[in-house]
Amino acid sequence: MSAAPLTVTQVNRFARSLIEGDGRLNDILIAGEISNFSGHYKSGHLYFSLKDEHSLIKAVMFASSANRLHFRPADGMRVVIRGRVSLYEAAGQYQLYAGDMQPDGLGALALAFEQLKNRLAEEGLFDPSRKRPLPPFPQRIGVITSPTGAAVRDILQITARRWPVAEILLCPVLVQGEAAPAQLTAAVRALNAEGSCDVIILGRGGGSMEDLWAFNSEALARAVAGSRIPVVSAVGHETDFTICDFAADLRAPTPSAAAELCTPEREALRERVLAYHRYFQGKAVETVESLRQAVDILVQDSPLGGPERYVALRRERLDRLAGGLEQSAQTLLEARRNTLALAAGKLDALSPLKVLARGYAVVLHKGKAVRDLDALPAGEEVTLRAEKGKRQARLV
């Protein structure tokens, strides 16, 4: 009698037991390239394939493991995965269950840093045009850092030496560890809500990339970029860079440098004020002396300079005016004389006496020159006038 047939579930379960029974597949490291990546936005599970030049294996990373990743997996990324191989009974498909994932070559933190930096830069979060200048004379400086670190001591000492009138408002927070990003973000928002600071210094001393990782929080970067109060990022040493450095209005290489950038140098400012004082004092002296000389000149030319001199100046001016008036009268009189002579010459040339002098005579009737003798009747008495003398005559 033949054996009873197996169900599909039985076969898949048996295959699964064989795979899981091989201890070599329960904890393996496997390298490959991610393809067909899909992240389920509700569950948080990650589904993808891992492939090399010749083969491919389906893989899944559950949310409990995916939440521990510092970077975002993507198609084409080469990774090293620690996990186990098993069979998914419902689909009859064996697959890789990933427990941890690291980039192949570049560290996970470094990759996460570059991914977040590029993404926020594309949003314009680091745009230089949105950076604001620091206040030249801050009255209150908010400091967000650890209350026990060297950073806060350096900031307090430098501020007290350079600009002692400034008040330091300390917001104590954790600067590393899982709780640090939330505390740093909350402190930035709290100082903005109060609005009692002129500038904020956000920072800590140096450390490894893992130690400084709290300052690479996306939430913190957005809080810093959205701050209404200018923010100076002062994290680690000069060679250390964090996402906060790019989001802040100004990056300081160290917390000590941040304190110097936020405060004017008191002695230098005092010397500058004294220089202005000396300059304006000199200008005032020059102005007063110039006005004094002008007054002296005015006094010399006025009765205040002595009545004799004043009268002499006025007499001299009167003589000049009288001379000018006389000269003008002479010139005018000569011009009128010339005009009269010219008119007399023209009148003389037109005089009837000039005609009589050439031998002519004029016939006058009742005192008027006769132009037409035929108009007078015979026997009329007329007067004949020559150059020399006149006679009465009667027309015939």
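**Strands, helices and one asparagine**

Modeller: Let's start in strand 12, where lysine 368 is the bridge partner of histidine 365. Keep in mind that this is a predicted model.

Biologist: What makes strand 11 and strand 12 a pair?

Modeller: Pairing takes at least two bridges. Strand 11 and strand 12 (residues 368–369) have 2 bridges between them, so they count as a pair.

Biologist: On to the helices. Why are helix 4 and helix 8 called roughly parallel?

Modeller: The axes of helix 4 (residues 150–162) and helix 8 (residues 255–262) cross at roughly 30°. The label covers angles under 35 degrees, so this pair is roughly parallel. The axes come within 8 Å, and the crossing is right-handed.

Biologist: Which residues make that contact?

Modeller: On helix 4, Ala151, Asp154, Ile155, Ile158, Thr159, Arg161 and Arg162; on helix 8, Pro255, Ser256, Ala259 and Glu260. By type, the contact of helix 4 with helix 8 has 5 nonpolar, 2 polar and 4 charged residues.

Biologist: And how do helix 3 and helix 6 pack?

Modeller: Helix 3 (residues 108–122) and helix 6 (residues 218–225) are at an angle of about 35°, with axes 11 Å apart. Their crossing is right-handed. Leu116, Arg119 and Leu120 of helix 3 meet Glu218, Ala221 and Arg222 of helix 6.

Biologist: What about asparagine 12: buried or exposed, and how do you know?

Modeller: Asparagine 12 has a relative accessible area of 13%. Buried means under 20%, so asparagine 12 is buried.

Biologist: Where does asparagine 12 lie, and what is asparagine 12 in contact with?

Modeller: Asparagine 12 is in helix 1 (residues 8–21). Leaving aside neighbours within four places in sequence, asparagine 12 is in contact with Leu87, Glu89 and Gly92.

Notes:
Residues are numbered from 1 along each chain as its sequence is written. This is a predicted model: local features need pLDDT of at least 70, side-chain atom pairs count only at pLDDT 80 or more; totals for chains, interfaces and linings use all residues. Side-chain values use heavy atoms; hydrogens and water are left out. Helices (H or I, at least four residues) and strands (E, at least two) are DSSP runs, numbered from the N terminus. Axes are lines fitted to C-alpha atoms, for helices over the stretch in contact, and angles run from 0 to 180 degrees between N-to-C directions. Angles under 35 degrees count as roughly parallel, over 145 as roughly antiparallel, 65 to 115 as roughly perpendicular and the rest as oblique. A crossing is left-handed if the near helix is turned anticlockwise from the far one by less than a right angle, and right-handed if clockwise. Contact means heavy atoms within 4.5 Å. Ala, Val, Leu, Ile, Met, Phe, Trp, Tyr, Cys and Pro count as nonpolar, Asp, Glu, Lys and Arg as charged, and the others, Gly among them, as polar. Buried means under 20% relative accessible area, exposed over 50%, partly exposed in between (1.4 Å probe, protein chains only).
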